[in-house]
Structures are given as structure tokens and as C-alpha cells.
Amino acid sequence: RVMTYEVIAVDKFGYRSNAAVLGDVKISHNGVHDKSMWTVTTNLYSERDGSGEADKDDPCAPEKVSAIYEIIDNNYGNTYQGVTQSGEATVLISLNQVLPVCGLEYTVDSGEAIGSYRIEVSVDGSTWTEVKTGSFDSKKKKQTVYFENEKKDPWICTYDAAYVRLKAPGQTRMNISEIDLL
């Protein structure tokens, strides 16, 4: 989109000056939601999961620090690699607010991309709506999938969501550099 602005000065008597054109301003946005309020949970375990550092306030039981937060840190150069003991690999993103979402950008910088996937959204965390299934291309680093309705109509559908769940059916491993929601 391009916006053109005009400025007209008005003095205290209401007299107006000639319009001054400031020129064109290009407005660009890729539609990615801000991730500052998000939290992430998973059934995956990583070598980089840590126990945290003990300090004077909590010397005996430091809180576990999960490396899964790397998938929402806006650093596209590091890759979270996780493995589950049983069941399918799952990542749950809590948005901590209800947002309109219509797509997911999946980035994997190193390692193999998730093969088949299932994406579900929920407003309350208990009732889930499947919005997209498919398979990521292992040769592409960044892939965008747009959500569809249950009829698989050929247009993009927008859902209100407070939670987004990414599942890898039949897989116990997941590599993710970054997840973005559109």
C-alpha cells in the first residue's frame, strides 16, 4: 500500500495555506503477530533443556528451563531439536490473548523439516478445531501454510485463537527454528 500525505497550515484566524505534498509513503507488513506475550509447552525433550541456575533465593530447587522457547525468540539461526518418549511430537503455543490467525510460518534452519503435520486452534484450550493438515517440504527452510475450513474451500480462513497446536502425526522428533503466526 502507498499513502500520500498533504499538509495544510491553518493560522489562528482560520486562514489556510496552500497544500504541501509530502510525497508517497510505502506501508509494508508481513502480517506476523508479535510473540512477546506467548508461552510454549511441548511433550518433547531436548539436549539443551536445563535445570536453571541456583541463586540465593532458590538454592535447592531451580526451575527447569526448556529450550522450546527458542522457537519464539525471533532468532531464525538456531534450531530446537526435540524427541518424545512416546506419542506424537506436539508443540502448544499459548498466545495469552485471543488473536485472529489465518496461517503459520514454519522455519527450520538445520536438521530435517517435520514431515506430515496437523495444526489445530482453540479459544479455550479444550475444544480444538483442525485448520490445516499436510506435509512440509524437507528441501525448504521457510514454509507458510494458510488455514482452511472443514470443507477445504480454496480460500484462506481466519480463526480466533488463544492456543495453536502443531502436531507431527506418527513422528517422535521435531526440528523447529522459528514459528510465526499470521
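Visitor: Are tyrosine 117 and phenylalanine 136 buried or exposed?

Guide: This is a predicted model, in which local features need pLDDT of at least 70, side-chain atom pairs count only at pLDDT 80 or more, and totals for chains, interfaces and linings use all residues. Residues are numbered from 1 along each chain as its sequence is written, and side-chain values use heavy atoms, with hydrogens and water left out. Buried means under 20% relative accessible area, exposed over 50%, and partly exposed in between (1.4 Å probe, protein chains only). By that criterion, both tyrosine 117 and phenylalanine 136 are buried.

Visitor: How many aromatic pairs does the structure hold?

Guide: Rings of Phe, Tyr and Trp (its six-membered ring) pair if their centres lie within 6.5 Å. With this cut-off, the number of aromatic pairs in the structure is three.

Visitor: Why is the pair of tyrosine 117 and phenylalanine 136 described as stacked?

Guide: Planes under 30 degrees apart count as stacked, over 60 as edge-to-face and the rest as tilted. The two ring centres are 4.2 Å apart, and the pair of tyrosine 117 and phenylalanine 136 is stacked because the planes stand at 25°.

Visitor: Which parts does this pair tie together?

Guide: Strands (E, at least two residues) are DSSP runs, numbered from the N terminus. The parts tied together are 19 residues apart in sequence, because tyrosine 117 lies in strand E7 (residues 116–122) and phenylalanine 136 in the loop between strand E8 (129–135) and strand E9 (142–146).

Visitor: Which residues do ring pairs link into a cluster?

Guide: Tyrosine 117 and phenylalanine 136 are both buried. Ring pairs link these into a cluster whose members are Tyr106, Tyr117 and Phe136.

Methods
Helix = DSSP H or I, 4+ residues; strand = E, 2+ residues; numbered from the N terminus.
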